Amino acid sequence: AVILFTSQTKVLSVLIYEGRLDEARDEATALVQRRPKFAHYNYWRGIAAWYAGEPAEARRWIEQAYALDPADPIAQGVLAFVLAAEGGENGRARVRELLETAEPGAAADGTFTYWIAKVHALLGDSAAALDWIRKAAALGYWDAPWMRKDAALAALQQRLLSLVTVATESS
């Protein structure tokens, strides 16, 4: 079951990366239809909506995922992501609260660590975002082409370009 889940989320990641957002939404919707109470599929449906430029739809799916499994650090981190993306001072306290419980769970997973970096970038905390990107790289996550085009990192692009250049030169 874990291999199947991992394979399905990789497919979703690739579809989003390639800009095939209608396909990503359709695939995530099919996954939710198969297992409607599985939080991971619900938040992936929200992630697909976010990258498709549908923030309200993204929030609805991600909040649903969080409601299904509020103790899951990934559900906490993805909810923090969508709330941080909305901006506004009112949500910042909730984002920080979610980060407090999500960040310890990121220590073992490079992809999730990268998501934590995106939350910090959306909060405008460039130094913390870059630290989390370095942590993600140390855990084996390194996708420089995606980082360059990831809309969640738009505020970091110049600093990220320097980091990518240094990492490329040292490898």
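Predicted model: local features only at pLDDT ≥ 70, side-chain atom pairs only at ≥ 80, totals over all residues.
Trainee: How many helices and how many strands does the secondary structure of the protein come to?

Mentor: Read along the sequence, the protein follows the pattern α-α-α-α-α-α-α-α-α-α. The secondary structure accordingly comes to ten helices and zero strands.

Trainee: What percentage of the residues of the protein count as buried?

Mentor: A residue is counted as buried when its relative accessible area is under 20%. The protein has 171 residues, and the share that counts as buried is 44%.

Trainee: Is Ile16 buried or exposed?

Mentor: Ile16 is found in helix H1, which spans residues 2–17. Leaving aside neighbours within four places in sequence, Ile16 is in contact with Leu21, Ala24, Trp44, Ile47, Ala48, Tyr51 and Trp146. Its relative accessibility is 6%, and because the limit for burial is 20%, Ile16 counts as buried.

Trainee: How far apart in space are Ile16 and Tyr51, C-alpha to C-alpha?

Mentor: Tyr51 is among the residues in contact with Ile16. In sequence the two residues are 35 apart, while in space their C-alpha to C-alpha distance is 7.1 Å.

Trainee: Which helix supplies the largest share of the lining of the largest pocket?

Mentor: About 660 Å³ of space lies in the largest pocket. Of its 24 lining residues, the closest to the centre are Thr9, Ser13, Trp44, Thr111 and Trp115. At least two lining residues each come from H1, helix H3 (39–51), H5 and helix H7 (110–122). The largest share, eight residues, is supplied by H1.

Trainee: Which side chain of opposite charge is nearest to Asp72?

Mentor: Asp72 lies in the loop between helix H4 (55–68) and helix H5 (73–86). Asp72 is buried yet has no salt bridge. A salt bridge requires a nitrogen-to-oxygen distance within 4 Å. The nearest side chain of opposite charge is 11 Å away and belongs to Arg35.

Trainee: Which backbone nitrogen does the side chain of Asp72 reach?

Mentor: Not counting residues up to four places away in sequence, Asp72 touches His40 and Tyr43. The side chain of Asp72 also reaches a backbone nitrogen at 3.1 Å, that of Ile74.

Trainee: What is the distance between the closest N and O atoms in the salt bridge of Glu57 with Arg60?

Mentor: Both residues lie in helix H4, three residues apart, about one turn of the helix. Glu57 counts as partly exposed at 26% relative accessibility, and Arg60 counts as partly exposed at 41%. In their salt bridge, the closest N and O atoms are 3.2 Å apart.

Trainee: With which residue does Arg92 form a salt bridge?

Mentor: Arg92 is partly exposed, with a relative accessibility of 26%. The closest N and O atoms are 3.7 Å apart, and the partner is Glu89.

Trainee: Why are Asp131 and Arg134 separated by about one helical turn?

Mentor: The side chains of Asp131 and Arg134 meet in a salt bridge, at 3.2 Å from N to O. The separation is about one helical turn because they are three residues apart in helix H8 (residues 126–138).

Trainee: How many salt bridges does a search of the whole structure find?

Mentor: Side chains of opposite charge can pair when their charged atoms come close. One network of salt bridges links Glu18, Arg20 and Glu23. For the whole structure, the number of salt bridges found is twelve.

Notes: Residues numbered from 1 in each chain as written. Heavy atoms only, no water. Helix = DSSP H or I, 4+ residues; strand = E, 2+ residues; numbered from the N terminus. Buried < 20%, exposed > 50% of the residue type's maximum accessible area, 1.4 Å probe, protein only. Lys, Arg positive; Asp, Glu negative; His and termini not counted. Polar contact = N/O pair within 3.5 Å; in protein donor to acceptor, adjacent residues only side chain to side chain. Contact = heavy atoms within 4.5 Å. 1 Å grid on protein atoms, 1.4 Å probe; cavity = no way out; pocket = protein on both sides within 12 Å on 5 of 7 lines; lining within 4 Å. Points joined across faces, edges and corners; volume = space filled by probe spheres on them.
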